[in-house]
Amino acid sequence: MTPDLSIVVPVYNEAAGLPVFHERLCRNARAEAEARGLRVEIVYVDDGSRDGSANIAAALPPLGLDIQVVALSRNFGKEAALMAGLDHARGDALLFMDGDGQHPPEMIPTFVRLWKDEGYDVAYAVKSNRLDEPLARRSFVRGFYWLLNFGSSSTIPEDAADFRILSPRATAALRRMPERNRFFKGLSSWIGFRQIAVPYQPDARTHGTTSFNFLRLLGLSMEALTSFSPAPLRLAALCGAGLAGLALFYGAWIVLERLIWGIPLPGYPSLVVGIMVMGGAQLLVMGLMGEYVARILSEIKARPVYFVADHVLTAHDAQTAPDAATQAVAPPLKVAGAPS
């Protein structure tokens, strides 16, 4: 039977903590499913892990829930893993959470209540504070969201996490998004419907360290900006207009100094400074335009967002019907998000 709710969990090098996380997730999800009479499945998406996470996930016991394991052919990035989970999830509603233990499964009843009882289509977790992060990172995040929402038609909430639930109609809307350069937080905010923020404080990582270093965060930030905001181009245009105005004012000032006060102006320093300023501004604008052109080229090429290497589905009644309950599937490679 089709599940009512699919819990999508991207996994990348989480072998050390995955069994403990799985037991904790199943315990909370199963309790909520039994209390509300829901059919729930868990979809683990292994994003090219190098520590055997896919094999460990495939061997996890069902513990009363259907389990899917989708192993990608290589590391495509978290956004691609989220899309793979979206494509393979069988449930009408979706709940996304990380597999590193920082998104507490104990919040599942809160999300389900907001969806089933209060009628919200999207409930997303928001960090209650960032006091545990360095000041430089907090400032970068604040500036990024200001720039992202500058002149944008839809507001993307600051400090929102991928930890969120989507109702059936919100899930259907998200599945209609055809673009390949994806920013999940932005897409789930852009679709609209009734949305609500849920404050939370992330748990400490149960093992390892985050794979999101500054360069990867910067790349994701550029992906978000070029996908959802014209702010970089608008600010570049304003910068160009400002430089043109300063140049006009400076030129008029030089003429006044020469004609009225007779002050000679050395040509070499002013010429070099002018060339450096204008050249730097031009390179900046060309770089910003290049980022947008690169995204356009990626969409035109229409390459697959991901490839699936292995797909395993384990039904929750595997102990009673092992032959029909567990199946290993190697689906044909497909263009994710494109018509079959």
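Predicted model: local features only at pLDDT ≥ 70, side-chain atom pairs only at ≥ 80, totals over all residues.
Colleague: How many aromatic pairs does the structure hold?

Modeller: Rings of Phe, Tyr and Trp (its six-membered ring) pair if their centres lie within 6.5 Å, and the planes count as stacked under 30 degrees apart, edge-to-face over 60 and tilted for the rest. The structure holds 3 such pairs. In the pair of Phe111 and Phe163, the ring centres are 4.8 Å apart and the planes stand at 70 degrees, so this pair is edge-to-face.

Colleague: Which parts of the chain does that pair link?

Modeller: Helices (H or I, at least four residues) and strands (E, at least two) are DSSP runs, numbered from the N terminus. Phe111 belongs to helix α4 (residues 108–116) and Phe163 to strand β6 (residues 160–166), so that distant parts of the chain, 52 residues apart, are linked. Phe163 also pairs edge-to-face with Tyr200, at 6.2 Å centre to centre and 75 degrees between the planes, and this second link reaches from β6 to strand β7 (residues 195–200), 37 residues apart. Tyr200 is buried, with a relative accessible area of 6%, and together Phe111, Phe163 and Tyr200 form one aromatic cluster.

Colleague: How does strand β5 pair with β6 and with β7?

Modeller: Two strands pair if DSSP finds at least two bridges between them. β5 and β6 are antiparallel, with 4 bridges, and among their residues Ala123 has Ile165 in β6 as its bridge partner. With β7, by contrast, β5 runs parallel and is joined by 6 bridges, and here Lys127 has Tyr200 of β7 as its bridge partner. β5 (residues 122–127) is mostly covered, since 5 of its 6 residues are buried.

Colleague: Which residue lies over the face of Tyr120?

Modeller: A charge sits over a ring if NZ of Lys or CZ of Arg is within 6 Å of the ring centre and within 35 degrees of the ring normal. Arg194 lies over the face of Tyr120, 4.2 Å from the ring centre, and Arg74 lies over that of Phe76, at 4.0 Å from the ring centre.

Key. Residues numbered from 1 in each chain as written. Heavy atoms only, no water. Buried < 20%, exposed > 50% of the residue type's maximum accessible area, 1.4 Å probe, protein only.
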